[in-house]
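Student: I have the sequence and the coordinates open. Can we go through them by question and answer?

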Amino acid sequence: MKINLKILSSHFVSATDKCENLEEKTLVPKMMLRRRLTRASKIAIFLASKVGYKNERIIFGSAYGEAKATIDIIESIYNKTLLSPTAFQNSVHNTPVSYLSILSENTKEVTTVSDLFDTSLSVLKTGAIKALKKDKLLLMSVDAFSIDKVEELNKCKLTELESGVAMLVEVTQDKANIFVENETFAETSPSLWQMLEIHHKAQNTQNPIVEIEL
Amino acid sequence: MQQNSIYIEAMEMVCSAGLNKEEIFSSLLEGKTGIKQHSDFLSDGTRCAIGRIDSEQTFNELLIQSIQTLLDNATLNNFHHTFLAVGTSVGGMAWAENRFIEDKGSLQKIELKKQSIHAIAHTLKQAFNFKDAITFSTACTSSSNALVFAKELLDAGAYEHVLVVGADEISLTTVNGFNALGVLSSEGAKPFDSKRTGMNVSEGIGAILLSHQKNHRTSDIQLLGTGCSSDAHNITNPHPDGVGAKMAMQEALNNAKIDASQIDYINAHGTGTMANDTAEGKAVQALFEHKPYLGSTKSITGHTLGACGVIELIITAMAMQQEVVPANFNLTEQELNELNLPNKNLSHKINYALCNAFAFGGNNTAIVLKRVTHEN
Amino acid sequence: MKIESNSMITTDDLKKALIKGLVLEDIDPSDIADDDALFNEGLGLDSVDAIELVVILENEYGIKFKDMDEARTVFVSVQVLTDYINQNATK
């Protein structure tokens, strides 16, 4: 089955260590909420603002999730120190979009998928089916793993330790002019590749419409 | 878009209360819980009450075996044209923890295919060759969100068969994590009780095969409607009046095109924590004036985290097929007087049921089931 | 903020520990009065902060509470908490 999605807007951000200029203080003025945001949460909030998010339903994807919180927890358990409750509440995969929904008071459906290197493709497929309800959707894929022990884990030798891509989409009957051709982007985590490919192609296409195959 | 009815074609589950769905349902009706006290999970050595599957087999072996049993009971010969929708909150975390501890704090040997959320789908794709798979991970609503997507796939006509699997293995992270939040109990959970002391983290596997086919038995269980919402309130605690829960339940009723007054039984999320049960109880009171039967089965199965959506849908479907409302085991004094919480098993025809699941960050889902009887 | 036994901490030391441990951005020790309420009004900490504070007190000062109710009786203000730590620290 093929579903066509119109790309209304899209944005990409990445960094070799930590993304700067995420505008946290403007986007999250309340310090008591801002202080608990994880890196992926800050990236997600920034991306949402860049694509003109206005409380649409959200489909989010992350391959590695909250790597820092996860490792802090297991180290705490291993070293027998008391576990931080903030670390645990921040360790679930839908943490970034939970914070986004709280910040924007969005009571609509928010869902998160995670399929390792196919994560952004899963976001696209999930989004395509959900878009059949004919509302606009926010699709996002973020992976942030700029952590202390990253060399032990970074077997693909990725140079961009933080990256995220977002797009605002809606279903359309119009003909597609963008197709997923499995392009690769050596510095970025493979978990973002499919959405990144579409984002780059959309930048160079008038009225970009991508075909998603299920 | 096709809108042919969606039925449960086959189901199977494993948890601390039993190694298959018949055993678990019997345990439920007999009030036999598999929740036990352990002192080797919390890093300070204190006791906690959790639910472990009572088997020598590994979690992955049990996972593959349950799906095989389900396939043997279905009309399909294989899953080559079936879509797999997985819901899990820990994925391969338990394996990774063991590795980390064995390797004395090194992450060198952590393989992403075995550690990640995708690990469950990876194992099942290798064993059964599904056409495609997507994994949902939204903490305790993971497999409920997988069920919602499965319905959407079938409604769209994208697939004829979807297997929804909920699987969460017990892990040090979740047990210590919920303990850090002060919601883990050292005794069996007492959902909706005024003296409840928290939840029991537990492991479980549940699988449901959905399709447009009826099974030609005396009755079928139809997945009639789904609803999703967000609390937009707090990262850990639900809205105290259950506002988001009420929205999800109402949306499920709207999607099912039925009225609240038609619901006979609600399988609650009912974890046994102060926050969840009060919020959920208030939401149910507000929406269901006719006081349908309400029950939490987590006092028998424990809280199977990401797997609970599928496991509790299976329990509800079996309750409908067997015409029995399971008792609220462990309930002695209910906190909210208006709720109809039976403390004995009741013979009752359940025509319409609602299954709730609520998660961290205020992620809420509700699913409506309908029993369709066939004239022979 | 480890202290040797027999050495006292000041309210300033505690404020720095709170700012660091609870990730209070853009707040200086001079922004917190010794008698300001810690929870709800004043600094505005919440229930998760209360648990985090218990974790910090045990990990840094070796102080253990029987339960959250006992902990909340000393989580009143910076002054009250500083005095409590100086009387009960075991690290």
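Student: What percentage of the 214 residues in chain A is buried?

Tutor: This is a predicted model, in which local features need pLDDT of at least 70, side-chain atom pairs count only at pLDDT 80 or more, and totals for chains, interfaces and linings use all residues. Residues are numbered from 1 along each chain as its sequence is written, and chains are lettered from A and ligands numbered from 1 in the order in which they are written. A residue is buried if 20 or more other C-beta atoms, placed from the backbone, lie within 10 Å of its own. For chain A the buried share is 58%.

Student: Why is chain A as compact as a globular protein of its length?

Tutor: The globule rule, 2.2 Å times the number of residues to the power 0.38, is compared with a radius of gyration over C-alpha atoms. The rule gives 17 Å for 214 residues, and chain A is as compact as such a globular protein because its own radius of gyration is close to that, at 17 Å.

Student: How many residues of chain B are in contact with chain A?

Tutor: Contact means C-beta atoms, placed from the backbone, within 7 Å. Chain A contributes 44 residues, and chain B 50.

Student: Which residues touch the most other members of the largest nonpolar core?

Tutor: Such a core is a set of buried Ala, Val, Leu, Ile, Met, Phe, Trp, Tyr and Cys residues joined through C-beta atoms within 7 Å. Leaving aside neighbours within four places in sequence, the contacts of V164(B) include A85(B), L147(B) and V310(B). Among the 218 core residues, the two asked for are A85(B) and V164(B).

Technical notes: Buried ≥ 20, exposed ≤ 12 C-beta atoms within 10 Å, placed from the backbone. Contact = placed C-beta atoms within 7 Å.
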